[in-house]
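Thanks, everyone, for making the time. I would like to talk through one structure this morning, starting with how its parts meet and then turning to one of the chains.

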Amino acid sequence: MIFRIFALMVAVALVSACETAPDESAAASGAGASKAATSSTGTTSAATPAATPAAAPSGPTAGSQEDLVANVGDRVFFDFDKYNLQPDARATLEKQAAWMKRFASVTISIEGHCDERGTREYNLALGERRANAVKDFLVALGVSPSRVKTISYGKERPIALGSNDQAWEQNRRGVTVVTGGSPSG
Amino acid sequence: MKGPGGCAIGPIRSVIVALIALAATAPPAWAELRIDITQGRAEPLPIAIAEFAGASAEDAQFGRDISRVVSADLERSGLFRPLDARAFIRTEASVDVLPRFADWRVINAQALVHGVANTLADGRLRVQFRLWDVVAEQQMTGFVYQSSPAGWRRLAHLIADAVYERITGETGYFDTRIVYIAERGPKNRRIKRLAIMDQDGENHQFLTDGSNLVLTPRFSPTLQEITYLSYYRNVPRVYLFNIDTGRQQIVGDFPGMTYAPRFSPNGKQVIMSMSKDGNSEIFAMDIRTDEIVQLTHHSAIDTSPGYSPDGERVVFNSDRGGAQQLYVMDADGSDVRRISFGDGRYATPVWSPRGDLIAFTKIHRGTFYIGVMRPDGTGERLLTEGFLVEAPTWSPNGRVLMYFRQWPSDETGSGNRSKVYSIDLTGHNEREIITPLDASDPAWSPSIPF
């Protein structure tokens, strides 16, 4: 309950920040995002960036999952046992929000994932937090919450298969998946 | 426990038990044969388990099979050392005459089990056995059991339970089952299925087909139902699975993900987590009336709840203090107290059926441990460790834990493996439970009533 009210306040703060300083107001939204992560102490270790946007002339259909992956970045990464958004994650999500505005009929699901270094049930809760950190950020940037669902997979669906730090960094992620409304259908 | 423990998988609907005694031998009780299982590493008790006799070829086969299962049960407990039958001087084929104790003492047997199997006119299987103290030359216990022939394995477990109980003074746990998650496939596309087996890995059966991701099954104290998490239609929710009918049913109508379910000791409630908008809280739901009570009210992660055996308290996992720790509260959600204060992160607390201990997973400096502590947080003891060990579950007598162990993999996912193990509360006798596929999330059944 307390958390929900608090999250709402943060969201409001974010929205107003964006009104005054649209787009690359990393400072304002950054402050909001780190606030939303109430108990986290943001560390500086850089998460591995998402697939680098590549301008492909004959690329994927605009507004599709492939378009999101290739030109925006479909995922953000988290520190161990954390769900606060790092600066590069916020930059990716700002691009996602802009993309969502461009393709206003697209609906998405945010998948929250964890590495294998936690217990199953706790990781389900942590994945849920991560997915919602992403959702809250997108919503604060003006994406309608009705277009965004969340799901946690905990540690059940790693993307990198190794049992090492590099793999675990890849696996602590929030992934945006287009679920409907893509212009090409 | 109410009603018979009948179930579609363990086909014995009724087991008739009678205590038998051989009129003779009641010398004064001195230095009774006994294993004190609270002691660290006791030398396993040498026990002779004679092949159970049978008049017909079929009955003789039942007899051999039953002695083999009894022997395997007792051996696996780590407390008994069944002697090699090739050293036996006698067969003791009759349970109606006193054994020749001197012949058993020669091979250093301290206890002797013998018995006889015979198929009755109505087709039922009747098994009679006696346990003897070879040194004191007296009967320690003896029973007659009857069941359908298909239930012979269960009769063997009941005999092993009777021997274990008589010699250790603790309730046996061999006539029990395990529900767990069977796993196969690459790490990023793991197929997971509900599966059930006897505690020794026999009578294995898959309960779901793997089309939905399923996790964390737990037994109802009434044995007919399992509660677990399913991603059916990609919506993670807590379900009930009826073992008799195979019917699956969602628990409640919650607006967010429900997970981490466990039954209350009376089987009437399921306690679980529900996550919505990124926050998780603990709820208890009456599965008959659908009445729901929210027990925690905190912005932190609150999960992995489990009741004390008297149903009056709940232990759970929360990061409200910064990192994952164990907390105990009253069953109505009041009086929350942190109980874990050691180095590291604590998770998956499970109250012992005896009430005296809480088992947990601990993560410290990159190593996972299975441990126990008293419900007030004192007396922490770590039993085993590894790259990943997780999810302890108690034998119904509170003397043995099962958990799963996972191995690290290389970049290709090779080496990834997961298996269920059991370990004695003393930290000794760690054993793999043999399963056809990889295995995780074991849950031990309560004792099966008969």
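Across the interface of chain B and chain A, and bearing in mind that this is a predicted model, the rule finds 7 salt bridges. One of them joins Asp319(B) to Arg129(A), where the closest N and O atoms lie 2.9 Å apart. If we sort the side of chain B that touches chain A by class, we get 17 nonpolar, 20 polar and 13 charged residues.

As for the extent of the contact, chain B contributes 50 residues to it and chain A contributes 30 residues. Between them the two chains bury about 3500 Å², and 52% of that area is on carbon and sulfur atoms. On the chain B side, the residues that lose the most area to chain A are Lys187(B), Asp277(B) and Ile301(B), which together account for 16% of what that side buries.

Let me now turn to chain A by itself. Its secondary structure consists of 6 helices and 4 strands, and if you follow the sequence along, they come in the pattern α-α-α-β-α-β-α-β-α-β. Finally, among the contacts in chain A with a separation of 6 or more, 75% are between residues 24 or more positions apart.

Definitions and conventions:
Residues are numbered from 1 along each chain as its sequence is written. Chains are lettered from A and ligands numbered from 1 in the order in which they are written. This is a predicted model: local features need pLDDT of at least 70, side-chain atom pairs count only at pLDDT 80 or more; totals for chains, interfaces and linings use all residues. Side-chain values use heavy atoms; hydrogens and water are left out. Contact means heavy atoms within 4.5 Å. Buried area is the accessible area (1.4 Å probe) that two parts lose on being put together, summed over both. A salt bridge is a side-chain nitrogen of Lys or Arg within 4 Å of a carboxyl oxygen of Asp or Glu. Ala, Val, Leu, Ile, Met, Phe, Trp, Tyr, Cys and Pro count as nonpolar, Asp, Glu, Lys and Arg as charged, and the others, Gly among them, as polar. Helices (H or I, at least four residues) and strands (E, at least two) are DSSP runs, numbered from the N terminus.
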